[in-house]
Amino acid sequence: MRGNEFFEIAKHLLGNPPARWQEAAERTAASRIYYAAFIYSRDLMETWGCSFTENAVHTQVAEGLKASRELELVRIGKKISELHDERKRADYQTKAPEGFDFARLEALYEDVVRELQNRWAHLGEHARQAAMREIRARIASYQS
Amino acid sequence: METSAGSSAAVANGSAATQEARAYVEQEGLGEALQTVIALATRATDCQDVGVSLMRYDDRQGATLVKVALRCGLRGRAAVAKEDEILDRMWKAMEPESLNRFLVVVE
């Protein structure tokens, strides 16, 4: 399956949940939006030649992009980290007030999906090879 | 903290999360970089008063960041656009190694 299906189910959950499940629906939606962005990014980076380890893949995707020294890739890595932070809040911090800004989460997701492929495609060959070296080195640093 | 004419930002001292983040910043020698991040970010918000809180962000897979949350009333796409602008400023002013230790969030 593709990551965007998680985004679609998140939108569905936010549509009109029964009142008794509203908080659970919102927390689940926040979590699914992160996974939509994460899976999209992971799968795309694998087509670039990245390989990830199962127990560190979340960090490797976000931190790998941030290691690239290409501002736009760093920007996307930070957006994935932000979505990840919200995902943890949604799934684990169940005693805290929820208050998710879904317009923000959707904007973060849309930026990741729109920009990751686009920015990579517009890098010159030399810049792409340099970015790949930096990304791979950072990914390797998180292998246990 | 005075950041620019007419604007000010204060880092909340009280919360356990902020104290933990401060201790981490000190331990890692990130104090100067944090001051730079807060100054750049508060200047970019164009708000009269910006509330700043810090959190240590551990992803359990080996990455630790300092999350800097600026409360200035922005939401949705506007907040994301402001974060993009702040990152642009940080990119011009800081080394990537320092910059990547921080996650700046506008809310």
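Predicted model: local features only at pLDDT ≥ 70, side-chain atom pairs only at ≥ 80, totals over all residues.
**Exercise 1.** Work out which element gives the most to the side of chain B that touches chain A.

*Solution.* Start with the contact itself: 27 residues of chain B are in contact with 29 residues of chain A. Next, look at the elements that give two or more residues to this side of chain B; they are β3 (49-58), β4 (64-71), α3 (76-93), α4 (96-99) and β5 (102-106). Of these, α3(B) gives the most, with 9 residues. By type, this side of chain B divides into 13 nonpolar, 4 polar and 10 charged residues.

**Exercise 2.** Decide whether the side chains of A:D85 and B:K67 meet in a salt bridge.

*Solution.* The distance from N to O is 2.4 Å. The cut-off for a salt bridge is 4 Å, so the pair qualifies. Across the interface of chain B and chain A, the rule finds 9 salt bridges.

**Exercise 3.** Classify two aromatic pairs of chain A, A:W48 with A:W120 and A:F100 with A:F102.

*Solution.* A pair of aromatic rings is described by the distance of the centres and the angle of the planes. For A:W48 and A:W120 the values are 3.8 Å and 10 degrees, and the pair is stacked. A:W48 lies in helix α2 and A:W120 in helix α5, so this pair ties together parts that are 72 residues apart in sequence. A:W48 is buried at 13% relative accessible area, and A:W120 is buried at 8%.

Now take A:F100 and A:F102: the centres are 5.9 Å apart and the planes stand at 50 degrees, so the pair is tilted. Here too, A:F100 is buried, at 7%, and A:F102 is buried, at 13%.

Terms used. Residues numbered from 1 in each chain as written. Chains lettered and ligands numbered in written order. Heavy atoms only, no water. Contact = heavy atoms within 4.5 Å. Helix = DSSP H or I, 4+ residues; strand = E, 2+ residues; numbered from the N terminus. Nonpolar A, V, L, I, M, F, W, Y, C, P; charged D, E, K, R; others polar. Phe/Tyr/Trp six-rings, centres within 6.5 Å; stacked < 30°, edge-to-face > 60°. Buried < 20%, exposed > 50% of the residue type's maximum accessible area, 1.4 Å probe, protein only.
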